[in-house]
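Thanks for coming, everyone. Please look at the structure on the screen, and I will walk you through a few places in it.

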Amino acid sequence: MNKHLIKFVLNGEPREILVEPNELLMNVVRERESLTGTKYGCGIGECGACAVHVDGQPLLSCIVLAADVDGREVVTVEGIGSYGQLDPVQEAFLDEGGVQCGYCTPGMVVMSRALLNENPNPTELEVRHYMRGSLCRCTGYSGIVRAVLSAAEKESSGKAVPVAS
Amino acid sequence: MSVQTPQHRYVGERLVRVEDPRLLRGRGQYVDDIDLPGMAHAAFVRSPFPHARINGIDVEAALALDGVFGIFTGKDLNHLAGPLIAGRNDYGGATLGSDLLETKRQLLAADKARHVGDAVAVVVARDRYLAEDACELVHVDWEPLPAVVDANEALSDDSPRVDEALASNNIVHKDFETGDVQAAMDSAPHVFRKRFHHGRCHPAPLEPRGIIADWTTGADRGVTVWISHQMAHLMRTYLSELLQMPEGRLRVIVPDVGGGFGLKAHLFTEDVVIPLVSRALDRPVKWIEDRYENLAASNHAREVFCDIEAAADDDGRLLALRMKFLGDVGAYSPVPYTPWIDVGMAAKSMLGSYDIDNVGYTTDAVLTNKCPTGAYRGVGQTVGQCARESIVDDVARKLDIDPFELRLRNCIGDEPRVNPIGPHHYDGGSYAECLRKARDVLGYDELRERQLELREQGRYIGIGICNFMEHGAWGSKTYRAHGADRPFIDLVRLTVEPGGSVVVATGLTPNGQGHETTFAQLAADALGADLEQVRVVQADTERTPFSMGTRGSRSGVVGSGAILRAAEDLREKMAQIAAHQLEAAVEDIEFGGGKASVRGAPSQALTFREIAQIAYFAPEKQPEDIGEPALVSTRSYDPDPTYGNGTVVAVVEVDVKTGIVKTERIVFVEDCGVVLNPMIVDGQIAGGVAQGIGQSLLEQLAYDVDGQLLSGTLKDFLYPTAGDVPSVEIAHVVTPSPATTSGMKGVAESGIIATPAAVVNAVADALSPFSVEVDHTPITPNDVRALLRAAQASSQAATT
Ligand code: FES
Ligand code: FES
C-alpha cells in the first residue's frame, strides 16, 4: 500500500507526516503524535470518546482516515485551554462535578466547546440532544449538562472567554 | 495524654476535585496511554460458537506475517499457570458459596470453547492492526456442539453439561428460612405470586479492560504490570501465586482507571496470559480489550429468574415473603467471587426495610453457554429490590392501598436492629422519613391528580417507588456474615514530610470516585492541616501499603477510618514536640490551619514545617520522652457493615402507540450517614441512577436460541445517553452510622441498587389501566407493545 504524505495543523502547529492509507486519525493523534487525551471507547463511532475538531467541526477520530485531514486544521482536547487558564467549558466541568473517571471527559470537552461555538445559548434539551453521541458511564450526565449550561451563561454574559490554542 | 481533635474544615464541604484539571486537559494517564520501548501488542482469537470442540488450531499462515512475534494457544500456556478456580485461594474474594462445584478455567480454551468470545489463542505483533490481521489467519478447526442457553432447561437431567467434569449444571444451591413461611402463607387472607426475570446487564465502563506486562529475566528478574483495575495489591497476590513469582519481584501499578463498576475487581485469564507472553517473547506486551470483547467476554451480570410469593392481611400488612432465585451465570465461575454473588446478594437484600416475620429464600446458580457473570455495582441487590418492590406494588394495587401508605405500614423502626436474614445488624436509619420526604419532594398528591387528567387525554404517566437499603463498607465482618471467613486488611500510611507536606499513601484503588480529593479532605481535617498541604498517593504496590481494593462501597469508610487512626498517632507526636517547644502542656495544644498552637494563645504556634524540622533534624529540641520521633503512622481499619437507606421515586411516561418509555423525573432521597463531599456523593448517585435507567429500560445482552450473542456493539447493547436520563432531584437525610468511626456509610451503589425497581414499578403503574403485568427487565418498546397487544387480545376475547 502506498503511504500518503499529509500536511495539517495540529493544535496550532504545522505537521507533515507519512500515513498508511487505512490509518485512522485517532491512531495518528494518539500514537504518532503522543496526544493521548483522545480516547478509544468503541472504535466504530458509537461513544464519542475520540472526538476532535477538524476545521472547527467535531468529528469522531476513530472513523476518520488520517489521509482525509490533509490540508485541514485539527484541534484535540490538548488544544483546548491551558493549565494556567482552563477553557470556560473545562472550568465549568470542574465546578459542576462533570468529571468522575475522566475517560469520557476529553470527548465531552471537545463536544461542549463545539456546541457553544455553534450555539452560545443552548437550552437544557438542546445540550442533551447535541451530546447524545458522547457516552458517559459515571456521571449520569447531570454534572455535564449543568456544566455546559453554566459555561454558556458565563460566556454569553461576557464573564468568560473561550481559550483555544 | 489526650490530644485535641481538630475542627472540621473540609469534611462535608462541596470541594472541587483535585484530579480534574489534568483529566479535563486530556492529561490523565490510562493504561492505553502508556508506551514502553520495544512494546508489542496482543490480540485474542475468540470463539464464534457458544459451544464447540476444538479439533485443531493452525497458526502457520498467521505466524508467517512480517511483524508477528508469536502466537500462543492453550497447549503452549495452560501448563504454565492456572487453571483459575473461583472460591479457592481467593483472598478476599469470597467463598460465598462454600458448597460450590468448582469450574476450572484454563488460560486459553484448549479442548472446548464454552461461550461466544471464549479466547482460544493470543497473537502478539508489532502493532495492534497487525495482531488483528493475524488473528484472522489463525485457522481453528471447530466442531459445534449443542449449547445450553436457557437456565431453566439447564436444570433438567437430560440437558447437556456445560462442564462435563461436574455432576450438574447447578453449581451452588443454598436456602434459608426464618419464622414459618408456609404456615403464614396457608393462613393468610391474601397470597400474591409472580415470576420476575432480571435481564443480563454489563458494567461496561467506558474504558475497556487493559493490561501491560513487562517481564524481565536475569538478575533483575521481575514483572511489572500496569492494569486498569480496582485492586492493585490483590492482583499482585493473584499473579504472584499463578506466575510463581515472589511478591517482592512483582509490581502492580494501576494508573488512571476509566470506570470499573465491579468489572475491574476480577481476575481474568488475560491478566495471566499477557505476563506469560511477555516472558516468552522477552519484551513488554500490551493488550487493550476492544468493545466487542468487552461486551462478549468480559463478565456480564445478574441474569436472575425470581419466583416471588408474598402473603398479606386485609390491611396490607405483609405476613410472609418467599423468593426463589435462579441465576443464569454463564460458562465459568468468576474469580474470585463465585457465581453465587448475584443470587446470594439478591436473597440477602430481599427484605430491606420491611418488617416481616416469616421470610425464606432459595438460591441456585446454573451454568449456561453464555459469557460468565460476575460483580457489577450493586451486585444482586438490584435484583432483590426489584423482586420485592414489584410484588409490594402488586399487593398495593390488588388491595387498593396507596403504595406509599402500604410501605409505611410495613416499615421497620429507625433504631439499630437485627437484620433477620442478615445475619448482622442494621446500623439504624431513616426508613419511614425517607418515604415521607420523597413524597413531599415529588408533590405526590398533585401528581396523582395529573395522572388521572392525562389518562383522559390518552397519555399514560406512572409513578414507581423503591424503598431501598444499600449494604456497604464491606470488610471482614461482612464476609464472615456471608459465610466466608476471610480477614480484610486495608492499610493507610500517613506521613508528615520534613517540609511539612502531608502524604497519604493507600492501596485503595480508585476508578472515578475522587479519592485524591476526599482522602485529602479527611487527612487535612484529621491533622488540622491545610488541604493544599496534603498529597494522596495510591494504587501502586511499590509505593503504597496493602489494601483489599475499591469495591462494595467500602473505600470512603475504610479509608476514613484508617486515616483518622493514623492522624491521631501523628497528632500525639506533633503535640509532644510543640508542647515542649512552646512550654505548654500537651493537652493544651490544638491543631488547625497547618499549625499546632497553645489553646487561648493562638500566637504561640508552630507550623507543621517547624515541627517536622525538629522531628527530622533537631534532636536537641525534642522532648526526652519522644521515643521514635518519626512522623509516620500506618494504620488499618476494618469497619462494621453499614446499611444506607433511602427512597427513590421514578416518574415515567409510556407512549402506548410506540411503546417508548421516557423517564421524566427521578426523586432520590438518600441517607448515607455523614457526607464527606456532597458533590462527589451526588455524582455517585446520579451515575448509578443512569445505570439503573439503562438496566431497566435499554441495556440488553441478548442471545438467540442457539446461544449466539446479538449485542456485540454499544448500539445493540444501548447505553443510556444524555437524552435518556433526567436530572436527578436529590435530597439527603443524615443518620450518622454508629458502626463507623466517621459516621459514614457506603453510598456508591445506591443509585443502581434502587432505581431499576422504581422504574419498573413506574411503568407498571402507567400501564395499570390495561391490566398488564410487567415482569422483566429491560422493558423495551417492543415489550411494552407486546404487553398491550396481548392485553387487548384478551379483553377482546372476553367481550366476544
Ligand atoms: S472510539 Fe470513536 S466513537 Fe467510540
Ligand atoms: S466520567 Fe467516567 S465515563 Fe464519563
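**A buried glutamate, and what lies around it**

Glu670(B) counts as buried, because its relative accessibility is 1%. Buried means under 20% relative accessible area, exposed means over 50%, and partly exposed is in between, with a 1.4 Å probe and protein chains only.

A word on the source. This is a predicted model: local features need pLDDT of at least 70, side-chain atom pairs count only at pLDDT 80 or more, and totals for chains, interfaces and linings use all residues. Residues are numbered from 1 along each chain as its sequence is written, chains are lettered from A and ligands numbered from 1 in the order in which they are written, and side-chain values use heavy atoms, with hydrogens and water left out.

Back to Glu670(B). It sits in strand β29 of chain B, residues 661-671. Helices (H or I, at least four residues) and strands (E, at least two) are DSSP runs, numbered from the N terminus. A polar atom of the Glu670(B) side chain lies 3.3 Å from the backbone nitrogen of Cys672(B). Beyond four places in sequence, Glu670(B) has contacts that include Phe468(B), Asn645(B), His732(B) and Ser750(B). Contact means heavy atoms within 4.5 Å.

Next, the core. Which residues touch the most other members of the largest nonpolar core? They are Phe93(A), Phe325(B), Ile666(B) and Val763(B), in a core of 143 residues. Helix α21 of chain B, residues 750-766, gives the largest share of this core, 10 residues. A nonpolar core is a set of buried Ala, Val, Leu, Ile, Met, Phe, Trp, Tyr and Cys residues joined through side-chain atoms within 4.5 Å. Take Val763(B). Leaving aside neighbours within four places in sequence, its contacts include Val652(B), Leu697(B) and Ile779(B). Another core, of 51 residues, lies apart from the largest one; Met231(B) and Tyr238(B) are among its members.

Now the interface. On chain B, 54 residues are in contact with 50 residues of chain A. About 4,200 Å² is buried between the two chains, and carbon and sulfur atoms give 56% of that. Buried area is the accessible area (1.4 Å probe) that two parts lose on being put together, summed over both. Leu24(B), Arg25(B) and Leu206(B) supply 21% of the area that chain B buries against chain A, more than any other three residues.

How many salt bridges are there between chain B and chain A? The count is four. A salt bridge is a side-chain nitrogen of Lys or Arg within 4 Å of a carboxyl oxygen of Asp or Glu. Lys39(A) and Asp33(B) meet in a salt bridge through their side chains, at 2.8 Å, N to O. On the side of chain B that touches chain A, α19(B) gives the most, with seven residues.

Last, some backbone details. The peptide bond from Val335(B) to Pro336(B) is cis, with omega near 5°. The bond from Thr777(B) to Pro778(B) is cis too, with omega near -10°. Pro778(B) lies in the loop between α21 and α22 of chain B.

Phe261(B) has phi near 55°, a positive value in a residue other than glycine. Asp282(B) also has phi near 55°. Are they buried or exposed? Phe261(B) counts as buried, because its relative accessibility is 10%. Asp282(B) is exposed, because its relative accessible area is 55%.

Conventions. Polar contact = N/O pair within 3.5 Å; in protein donor to acceptor, adjacent residues only side chain to side chain.
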